Amino acid sequence: MNVKVFVGGILSYLYNAWVGKMPIEWIRLAYVKMWLGRVGDRSGVQIGCRFLNGRKVFLGERNVINFGCLLDGRKYFIRIGSDVSIGPEATILTLGHDPRSATFADRGGDVTIGDRAWIGYRAIVLPGVIIGEGAVVAAGAVVSKDVPPYTIFAGNPAKEIGRRQTESGDQDFVYKLDFHPFLV
């Protein structure tokens with residue numbers, strides 16, 4: 001048995017079954033800072049999130065990973081920029097199976113999410129997708145192809161339904177997320 005795979009499995013189990021369910025954010029955050037590939041300053045992971053191979057998950061600064069999310073870094077990387085909001089129960093997958101494969105072969109790829117992107121409630125991001133800076137993925141959307149910067153995608157399969165612009169009609173989003181509720 002591969003020692004790295006065994007230790008990784010133990011770390012995953014401990015977080016997903018125990019630590020990730022603790023209602024105290026600083027305990028969860030201390031664990032993910034030790035376990036994930038990177039956790040930027042002021043990023044937060046709410047209760048009930050699950051990580052599959054946290055070593056391949058990289059979070060930028062001031063991200064909000066809402067409750068119940070699943071981030072699958074089993075074989076490929078998940079790279080998330082800064083000031084990204086990932087809604088409750090969203091799923092980011094990097095690995096699946098080729099439905100046309102006679103041997104049920106794996107198929108997957110890295111997922112990259114740009115700065116100030118917003119992933120809605122229960123959205124699913126499939127392997128190999130790039131979500132551009134400032135893009136929005138609507139609640140319940142299933143993203144199977146790249147999402148260009150500052151676009152809004154919705155549906156299953158997700159398609160462009162609009163552009164993301166400020167009230168003045170530009171794309172100058174300057175907000176910085178900082179959401180750290182007590183006991184969530």
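In what order do the five strands of the open sheet run? The order is β1-β4-β7-β12-β15, and the pairing is parallel. Pairing here needs at least two DSSP bridges between two strands. Strands are DSSP runs of E, at least two residues; helices are runs of H or I, at least four; both are numbered from the N terminus.

A word on the source. This is a predicted model, where local features need pLDDT of at least 70 and side-chain atom pairs count only at pLDDT 80 or more, while totals for chains, interfaces and linings use all residues. Residues are numbered from 1 along each chain as its sequence is written, and side-chain values use heavy atoms, with hydrogens and water left out.

β15 pairs with β12 (residues 111-113) in the parallel sense, over two bridges. There, T112 stands opposite I130 of β15.

Next, the helices. α1 (residues 3-17) packs on α2 (residues 25-35) at about 160 degrees, with the axes 11 Å apart. Axes are lines fitted to C-alpha atoms over the stretch in contact, and angles run from 0 to 180 degrees between N-to-C directions. So α1 is roughly antiparallel to α2, a label for angles over 145 degrees. On the α1 side, L11, S12, L14 and Y15 make the contact, meaning heavy atoms within 4.5 Å. On the α2 side, the residues are R28, Y31, V32 and W35.

Last, cysteines. How many disulfides does the search find? Zero, across the whole structure. A disulfide needs two cysteine sulfur atoms within 2.5 Å. The C49 sulfur is 4.6 Å from its closest cysteine sulfur, in C69, so that is too far for a bond.

Technical notes: Parallel < 35°, antiparallel > 145°, perpendicular 65-115°, else oblique.
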